[in-house]
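Have a look at the model first, then go through the points.

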Amino acid sequence: MRLNPFAGAYLTDPAHVWRRLLDEPGRAHHDPDLGLWLITRYADVRRALSDTEDFCNALTLAPVYDVCPEAMEILARIDAPPTTAAADPPVHPRTRRALRETFANTTDRVERRYGPIVQRRVDELVSRLVARPGGPTDLVTAFTTELPLLVLLDILGVPAEDVGRVRAWADGQIALVWGCPDPAEQVRLARGLLEFWGYCQQLVRARLDGARRGEDYVSQLLAYRDGDDEVLTVAEAASIVFNLLVAGHETTAGLLAHALDRALSSPRRWRELGEDPGLIPAFLTETLRFAPAIDGWLRVTRRPVTLDGVTIPAGARCLLLIGAANRDPAVFERPEQFDPHRRDAEGHLSFGHGAHFCVGAALARLEARMALTRLAQAIPDLRLADGHRRSYKANVAFRAHLGLPVVIGATVPPGGAAALAG
Ligand code: HEM
């Protein structure tokens, strides 16, 4: 079985490819071109995500292709210790505790701690959209990739003037690790990643020196550490920041784009969401199932693993196709149908499962809920531009829209754009 994630149908209609893979007999397939084992069924993907005895995370953030020697030499200088998605026991339980204690991750805590930041950023961006009726406007550049990054930088206490650099570095890491850059691009992106790591170390160092301690997340992480390397080293604190700046940005941007795409594909649905925001949480859950922002994720086998008679050897890299698992007919009724009223959507694997379950899931949901609520109320006649065809960036893991062109109707609530910002 083969999967070409970088060209053809996978870039315009991944669901078609998932269907074909799910229909194949056998539950694990080696793809010789990718050098990865493909796992598609729900039960197997769920197990691989959570079974830390048989599968490990060590190479999750390592490029999925053979990196050229020049880029490799640069990457070897990045000495960020594994702390989150690339960490395994015994380190992971300790660093995970640090994340759990410092990053709000339940609905209530997220709403209390980050709600005002999210609302302010949503209002700003929606006001900007409303102030330029007509179109087409690309929601990906004007909204979906902006909101999560601005929110995250506010939370972490990253200065506003660094937004552009952080965006370029974080996007670069996603392209470098899970994309298919040519050697010259690998070198450019590797240099960017090295700079990015230096920047995160610097951010932590500035708080440590007392120059910029405050209410921000980095300061809280250092307060949790309280000078004790057994709790968390300074390098681990910087590595957590390094990971959060990527993990919390393109992912939520993806959720927003998929949700807006689904919502705007039906003018009736968009109107309904505006009239009854109570529908939005279930709508988002179904979006997560149907169109996950991360639809393929990685694990390495610690020892031989046999799935239905097929043995994956020890030390093999596996691509867990979350997008396919979320459409496994063994678990989801009418899996190919987008149905915000379905009862089984909660079982999706889009935030992972088990020990590495997404720390930012509640924040991502809050951002998407507030964004859709405000947008649907402020611009009830927002619509996709005529002739728009879905297409995505070439990537094994992240399913990111290349664009989402929309026409912004002239309907503005009483008080105009200023009222939205209020
Ligand atoms: C829709 C948005 C998001 C999606 C689809 C998503 C997806 C995921 C997935 C699939 C994992 C599991 C990784 C694994 O099992 O190895 C994960 C872990 C993680 N996510 Fe998210 N994520 C999202 C938003 C966020 C946000 C907003 C943040 C933080 C600001 C965040 C931070 C993390 C971190 C730190 C981990 C690693 C946790 C660990 O290894 O213990 N994510 N995410």
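1. On helix H1, the exposed residues His-16 and Asp-23 sit on the face turned away from its buried side. Exposed means over 50% relative accessible area and buried under 20%, with a 1.4 Å probe and protein chains only. Helices here are DSSP runs (H or I, at least four residues), numbered from the N terminus.

2. A word on provenance: this is a predicted model, where local features need pLDDT of at least 70, side-chain atom pairs count only at pLDDT 80 or more, and totals for chains, interfaces and linings use all residues. Residues are numbered from 1 along each chain as its sequence is written, and side-chain values use heavy atoms, with hydrogens and water left out.

3. Which residues of H1 are buried? In this helix (residues 14–23) they are Pro-14, Ala-15, Val-17, Trp-18, Leu-21 and Leu-22. They lie on the same side of H1 because they cover an arc of only 155° around the axis, taken from the directions from the helix axis to the C-beta atoms. Their cover includes helix H14 (280–290) and helix H15 (322–325), judged by contact (heavy atoms within 4.5 Å).

4. Helix H5 (residues 107–130) packs on helix H16 (residues 361–378) at about 35°, axes 9 Å apart. By class, their contact has 14 nonpolar, three polar and five charged residues.

5. Where is Cys-358? It is in the loop between H15 and H16.

Note on methods. Helices (H or I, at least four residues) and strands (E, at least two) are DSSP runs, numbered from the N terminus. Axes are lines fitted to C-alpha atoms, for helices over the stretch in contact, and angles run from 0 to 180 degrees between N-to-C directions. Ala, Val, Leu, Ile, Met, Phe, Trp, Tyr, Cys and Pro count as nonpolar, Asp, Glu, Lys and Arg as charged, and the others, Gly among them, as polar.
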